[in-house]
Amino acid sequence: MPRALRTGAAVTAVIASTLVAGNAGTASASSSTIVAPPDKIVIEIATVNGSGCKEGTAAVAVSPDNTAFTVTYSDYLAKVGGNADPTDFRKNCQLNLIVHVPSGFTYAVASADYRGYASLQRGASAIQKASYYFQGSPDTAARNHLFAGPYDDNWQATDTTEWGQLVWAPCGVKRNFNINTELRVRAGTSNPSQVSFMTMDSTDGEINTVYRLAWKECPEP
């Protein structure tokens with residue numbers, strides 16, 4: 001049994017916030033100055049659902065200053081081959097967040113760093129996917145990262161969004177923010193008796209997924 005499966009160590013997801021100075025008409029990713037938010041940012045977890053974060057396998061903790069939160073997973077793993085169930089090839093976890101932002105500001109996810117562990121047989125492949133969207137909004141930002149076997153190591157993927165393509169929270173309206181992550185493993189031409197897997201667990205418990213928030217001022221009403 002691979003060491004990553006034996007340890008049951010957890011992967012941590014951290015949302016860290018930054019404030020981009022300037023108004024909606026003049027702010028830019030390249031020229032913005034990072035400063036402290038004028039007021040506290042409060043993040044509340046509305047729901048945590050999905051086959052990768054079943055009840056009792058995910059714990060959420062908000063930082064003391066309410067500007068970040070941590071999700072610890074203990075059973076976020078997708079696998080195929082061997083004695084894997086047919087539904088094990090895909091796992092997902094959706095976080096539904098309530099973000100209270102300083103008055104007059106809006107935010108968007110500018111980048112996200114994902115890390116985990118994968119063991120893929122020759123001919124097998126895996127996809128890590130994440131999508132971000134606001135409740136009631138048709139705009140969704142989604143990113144995919146492909147990994148091909150043979151592979152037996154930690155993995156890392158980074159999502160980045162250009163300033164002009166950021167999906168911003170509606171100004172003056174409270175909308176829950178959703179982050180839906182997914183792991184999907186395909187057997188391909190690999191030996192069906194051999195297991196291939198991808199996990200958001202860590203062998204040492206120090207693997208982090210960091211979401212960075214960009215901020216800008218809302219236009220005057």
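Buried means under 20% relative accessible area, exposed means over 50%, and partly exposed lies in between (1.4 Å probe, protein chains only). The model described here is predicted: local features need pLDDT of at least 70, side-chain atom pairs count only at pLDDT 80 or more, and totals for chains, interfaces and linings use all residues. Residues are numbered from 1 along each chain as its sequence is written, and side-chain values use heavy atoms, with hydrogens and water left out.

## Disulfides

A disulfide is a pair of cysteine sulfur atoms within 2.5 Å. By this rule there are 2 disulfides. With bonded cysteines counted along the chain, the pattern is 1-2, 3-4. The strands named below are DSSP runs (E, at least two residues), numbered from the N terminus; helices would be runs of H or I with at least four residues.

| Disulfide | S to S distance |
|---|---|
| Cys53 and Cys93 | 2.2 Å |
| Cys171 and Cys218 | 2.1 Å |

The link between Cys53 and Cys93 joins distant parts of the chain, 40 residues apart. Cys53 sits in the loop between strand S4 (42-49) and strand S5 (58-62), while Cys93 belongs to strand S8 (residues 90-100). The torsion about the S-S bond of Cys53 and Cys93 is about 100 degrees, so this disulfide is right-handed. Cys53 has 3% relative accessibility and therefore counts as buried. Cys93 is buried because its relative accessible area is 1%.

The link of Cys171 and Cys218 is left-handed, with -90 degrees about the S-S bond. This pair also links distant parts of the chain, 47 residues apart. Cys171 is in the loop between strand S12 (151-160) and strand S13 (177-186), and Cys218 is in the segment after strand S15 (208-217). Cys171 has a relative accessible area of 36%, so this residue is partly exposed. Cys218 is buried, with a relative accessible area of 16%.

Two strands pair if DSSP finds at least two bridges between them. An open sheet of 5 strands has the order S4-S8-S13-S10-S11, and its pairing is antiparallel. Its edge strands are S4 and strand S11 (140-148), each of which pairs on one side only. From one strand to the next, the twist averages 15 degrees. For such angles, axes are lines fitted to C-alpha atoms (for helices over the stretch in contact), and angles run from 0 to 180 degrees between N-to-C directions.

Ser131 stands opposite Ala142 in S11.

Gly82 lies in the loop between strand S7 (77-80) and S8. With 43% relative accessibility, Gly82 counts as partly exposed. Gly82 and Ser193 are 111 residues apart in sequence, but their C-alpha atoms are 4.4 Å apart in space.

## Pocket and cavities

Both terms rest on a 1 Å grid over the protein atoms alone: a cavity is a set of points where a 1.4 Å probe fits but cannot get out, and a pocket is an open set with protein on both sides within 12 Å along at least five of seven lines; lining residues have an atom within 4 Å of a point. Grid points are joined across faces, edges and corners, and a volume is the space filled by probe spheres set on the points.

The largest pocket has a volume of about 410 Å³. It is lined by 23 residues, of which Val101, Phe105, Pro170, Gly172 and Val173 are the closest to its centre. S8 and strand S9 (105-120) each supply at least two residues of this lining. By class, the lining of the largest pocket has 14 nonpolar, 6 polar and 3 charged residues. Ala, Val, Leu, Ile, Met, Phe, Trp, Tyr, Cys and Pro count as nonpolar, Asp, Glu, Lys and Arg as charged, and the others, Gly among them, as polar.

There are 2 cavities of 30 Å³ or more. The largest cavity holds about 100 Å³ of space. Among its 15 lining residues, Val109, Tyr132, Ala141, Thr161 and Val167 are the closest to its centre. S9, S10, S11 and S12 each supply at least two residues of the lining of the largest cavity, and the largest share, 4 residues, comes from S9. This lining divides into 10 nonpolar, 3 polar and 2 charged residues.
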